[in-house]
Amino acid sequence: MHSANHWGGSLEINGDSGTDDERSRNMEWERQQHLHQHRHLDETQQSWLLGPHQGNGKKKYVDLGCIMCSHKALKYTIWSLVISFFVIALPIIIVKSLPQHKSHPSPPDNYTLALHKALLFFNAQKSGKLPKSNGIAWRGNSGLEDGKDLTDVKGGLVGGYYDAGDNIKFHFPMAYAMTMLSWSVIEYRHKYEAIDEYNHVRDLIKWGTDYLLLTFNSSASHIDKIYSQVGASVANSSKPDDHYCWMKPEDMDYDRPVQTANSGPDLAGEMAAALAAASIVFQDNTAYSKKLIKGAETLFTFARDFGKRTPYCRGNPYIEPFYNSTGYFDEYMWGAAWLFYATGNKSYISLATNPGLPKNSKAFYMIPDLSVPSWDNKLPAAMLLLTRLRIFLSPGYPYEDMLKSYHNVTGLTMCSYLQQFHVFNWTKGGLIQLNHGKPQSLQYVANAAFLASLFVDYMNATSIPGWYCGPNFIRAETLRSFATSQINYILGKNPMKMSYLVGYGTKFPKHVHHRGASIPNDNKKYSCTGGWKWRDSRNPNPHNITGAMVGGPIRTDNFQDIRTNYNYTEPTLAGNAGLVAALVSLTGSGGMSIDKNTIFSAVPPFYPPSPPPPAPWKP
């Protein structure tokens, strides 16, 4: 850095460019002239320089030891001290003696209030033996016999989460939900801590990952199967199962078959992502973090097995109609990215940036549907996650070309969310139609809002004001406005004036399609068909399933609060996970920023280390 005069002109004082010796001689000459002049001053002139002329009258002085002062000065001093005491010291003493009232913190914003509730949905969806601290009074132990006939899983497949309003445990969307929750904690831990939800959200993640570790041999390095689902239903069946019956999970007495996947790169890739992301959340628990990493690596090895590339749901009537996977190369990119962050193993980033992945997943084709994040399509999330690496670490060759492409496509994905570019239709009330007006649209909206808000935070963290959509420069605030508008719509700023988050606001769905919430705790067990009366009742649910985001309105912004129409009123794990992530990204509690570094804790330097200094010279 060089000094500069920001106001212009010379840096020299008064334009004096003389030498130090000349200035010294000038100063000495001026001092002598000054003394000489004083010798010729008359008495009046000298009084101007030396102060008032001293009279000849005697003054009385007080000797204070090392100081002598007059009686008058001492008097003034004492009175000054007395006055100072009453004017300054006494008020301070009085104020200090009064009872102290702590200033109240500013009230939490709406996103924080909604976030507290949205997390509770996961408590309501827990399966297994519940802790006393679960906090949902109308829920109890359930699914304790799940997987009891499996000989290779001690204790069976007890635990995890029910997916939606039924009692099925779908492992594919469950794993996605855990990945999204972990990602939100990695980016916004400080916000969760600020609102006292950090331990809660970690407990929710661990409840899910503990269960996922049961679904395969997590102690092995190679596996040949994954248990992919517990509970089942067949369309139009009259046989007791999880859809035909309307029973509380605590009362289930019908068969709950376990589905097994002997191949499944999509399922294994998503489960690997979930465990790898969670391992970063639990870095402070070294043993558990390592267990998660080992499980993630085992799953990813299974996913990459060339002989096991059939989608996990192919031909399975219990899975395909509900959570059909349309491909697995997006899970390869997603899982490899998370494993790289969790382990620092560069083989994973090499795979994530291998040109074959975007080619086979059609990531660069700019197909609108592939811009929509969901439990099935991980491409926009995976490319944003890898864009993060380029933005903050800039690893350079040989990754730069592919990371730059991911970055560019991520920018175009964000452009597609903006109404001005007419990529997707919008309702008149302001909701983007990411699933082309099909039912249950809110889960896609919530996930997209999270990605948009997070991309803005990445830009803000690097002081980037915006990005280009073709020739148009778009400011980051415009994308943030998209995210807030969509979440605000979900929270009640819509033509129906209804919050689609149960328990938030004064008007929200009361007939949620949910077995546990719709059947009263009246010490009665209702049979498979005996519960139909509660399914078909027009009365509100006896229990509000607080924090559940329902399916949402149709393309006309209309919504019907009808229990039997699951398209309107059924919540899902994947949808709520996206909503939680979006809410924590938007809340101002804890500050509007991300944690830039935690995700890189295991990542080694990309460039060769500096050479050691030369040995000391010896004569």
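Colleague: Which residues does S184 touch, not counting those up to four places away in sequence?
Modeller: In this predicted model, S184 touches R189, Y192, A581 and V584.

Colleague: And where does S184 lie?
Modeller: S184 is in helix α5, which covers residues 171–194.

Colleague: Is S184 buried or exposed?
Modeller: S184 is buried, because its relative accessibility is 0%.

Colleague: Let's hop to S589. Where is that one?
Modeller: S589 lies in the segment after α19 (573–586). With 17% relative accessibility, S589 counts as buried, since buried means under 20%.

Colleague: What is S589 in contact with, leaving aside neighbours within four places in sequence?
Modeller: S589 is in contact with D109, T112, K191, A194 and I195. With one of these, T112, there is also a polar contact between the two side chains, at 2.8 Å.

Colleague: How far apart are the C-alpha atoms of S589 and Y111?
Modeller: They are separated by 9.0 Å, while the two residues are 478 residues apart along the chain.

Colleague: Changing topic: how many disulfides does the whole structure have?
Modeller: A search finds 2. One of them joins C245 to C528, with an S to S distance of 2.0 Å. This pair links distant parts of the chain, 283 residues apart: C245 is in the loop between β4 (226–230) and β5 (258–261), and C528 is in the loop between α16 (515–518) and α17. Both C245 and C528 are buried.

Colleague: And which cysteines form a disulfide with sulfur atoms 1.9 Å apart?
Modeller: Those are C415 and C469. C415 sits in helix α13 (residues 400–416) and C469 in strand β6 (residues 466–469), 54 residues apart. C415 is buried at 6% relative accessible area, and C469 is buried at 5%.

Colleague: Why is the disulfide of C415 and C469 left-handed?
Modeller: Because the torsion about its S-S bond is about -95°. The link of C245 and C528 is left-handed too, with -90° about the S-S bond.

Colleague: Now pockets. What volume does the largest pocket have?
Modeller: About 1,200 Å³. The largest pocket is lined by 45 residues, and F322, W375, Q440, Q443 and Y444 lie nearest its centre.

Colleague: What classes of residue make up the lining of the largest pocket?
Modeller: There are 20 nonpolar, 16 polar and 9 charged residues. Helices that each supply at least two lining residues include α9 (329–343) and α14 (442–461).

Colleague: And the second largest pocket, what is its volume?
Modeller: That one has about 390 Å³. Of its 19 lining residues, E145, D146, K148, Y254 and R256 are the closest to its centre. By class, its lining has 7 nonpolar, 4 polar and 8 charged residues.

Definitions and conventions:
Residues are numbered from 1 along each chain as its sequence is written. This is a predicted model: local features need pLDDT of at least 70, side-chain atom pairs count only at pLDDT 80 or more; totals for chains, interfaces and linings use all residues. Side-chain values use heavy atoms; hydrogens and water are left out. On a 1 Å grid over the protein atoms alone, a cavity is a set of points where a 1.4 Å probe fits but cannot get out, and a pocket is an open set with protein on both sides within 12 Å along at least five of seven lines; lining residues have an atom within 4 Å of a point. Grid points are joined across faces, edges and corners, and a volume is the space filled by probe spheres set on the points. Helices (H or I, at least four residues) and strands (E, at least two) are DSSP runs, numbered from the N terminus. Ala, Val, Leu, Ile, Met, Phe, Trp, Tyr, Cys and Pro count as nonpolar, Asp, Glu, Lys and Arg as charged, and the others, Gly among them, as polar. Buried means under 20% relative accessible area, exposed over 50%, partly exposed in between (1.4 Å probe, protein chains only). Contact means heavy atoms within 4.5 Å. A polar contact is a pair of N or O atoms within 3.5 Å; within protein, one must be able to donate a hydrogen and the other to accept it, and residues adjacent in sequence count only if both atoms are side-chain atoms. A disulfide is a pair of cysteine sulfur atoms within 2.5 Å.
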